Amino acid sequence: MIDERNPDEFTEADWKQARQELMGAENNTPPEETSDNAELTEEWNVIPGSKGHRAPRPGFEEEETVGEHLVIDGIEDATHDQMLEARREELQQEGEMS
């Protein structure tokens, strides 16, 4: 609707964009298996008593807190809602003028 098209006539690109918006901009698809990488294996050296390390959280900047992340997501959602509402108002005004 924001792209000034009938929302019932969506394309494959629209689906991909929606998925990226919902899942984040990261590419979550695994790599293709080829003859070059099909046999690759890696052994993990497990050391008793090792505490490991904290893995980074996807979608967060280095210094970003959970609260900041939630605020940014909320602002992005509000912007999207405003864009939809503006388009609805445009369509309504066009319908009244016709």
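I start with Arg 87, which is buried, with a relative accessible area of 10%. Buried here means under 20% relative accessible area, exposed means over 50%, and partly exposed lies in between, with a 1.4 Å probe and protein chains only. Please keep in mind that this is a predicted model, in which local features need pLDDT of at least 70, side-chain atom pairs count only at pLDDT 80 or more, and totals for chains, interfaces and linings use all residues. Residues are numbered from 1 along each chain as its sequence is written, and side-chain values use heavy atoms, with hydrogens and water left out.

Which residue meets Arg 87 in a salt bridge? The partner is Glu 90, and the distance is 3.0 Å, N to O. A salt bridge is counted when a side-chain nitrogen of Lys or Arg lies within 4 Å of a carboxyl oxygen of Asp or Glu. Both residues belong to helix H2, 3 residues apart, about one turn of the helix. Glu 90, at 36% relative accessibility, is partly exposed.

The count by this rule is 2 salt bridges. Glu 85 and Arg 88 also meet through their side chains, at 3.8 Å, N to O. These two residues are 3 residues apart in helix H2, so about one helical turn separates them. Glu 85 is partly exposed at 38% relative accessibility, and Arg 88 is partly exposed with a relative accessible area of 41%. In general, side chains of opposite charge can pair when their charged atoms come close.

The secondary structure amounts to 2 helices and 0 strands; helices (H or I, at least four residues) and strands (E, at least two) are DSSP runs, numbered from the N terminus. Helix H2 spans residues 66-97. Of the 98 residues in the chain, 4% are buried.

I turn next to the aromatic residues. The count comes to 1 aromatic pair. Phe 10 and Trp 15 form this pair, edge-to-face, with 5.3 Å centre to centre and 90° between the planes. Rings of Phe, Tyr and Trp (its six-membered ring) pair if their centres lie within 6.5 Å, and planes under 30 degrees apart count as stacked, over 60 as edge-to-face and the rest as tilted. Trp 15 is exposed, with a relative accessible area of 52%.

Finally, a negative surface patch is made up of Asp 73, Glu 76, Asp 77 and Asp 81. Patches consist of residues with over 30% relative accessible area and no salt bridge, with like charges joined within 9 Å and nonpolar side chains (Val, Leu, Ile, Met, Phe, Trp, Tyr) within 5 Å. Lys and Arg count as positive and Asp and Glu as negative, while His and the chain ends are not counted. The place of a charge is NZ of Lys, CZ of Arg, CG of Asp or CD of Glu. Asp 73 is found in helix H2 and is partly exposed, with a relative accessible area of 31%.

Terms used. Areas by Shrake-Rupley, 256 points an atom, 1.4 Å probe, with all protein chains shown as cover.
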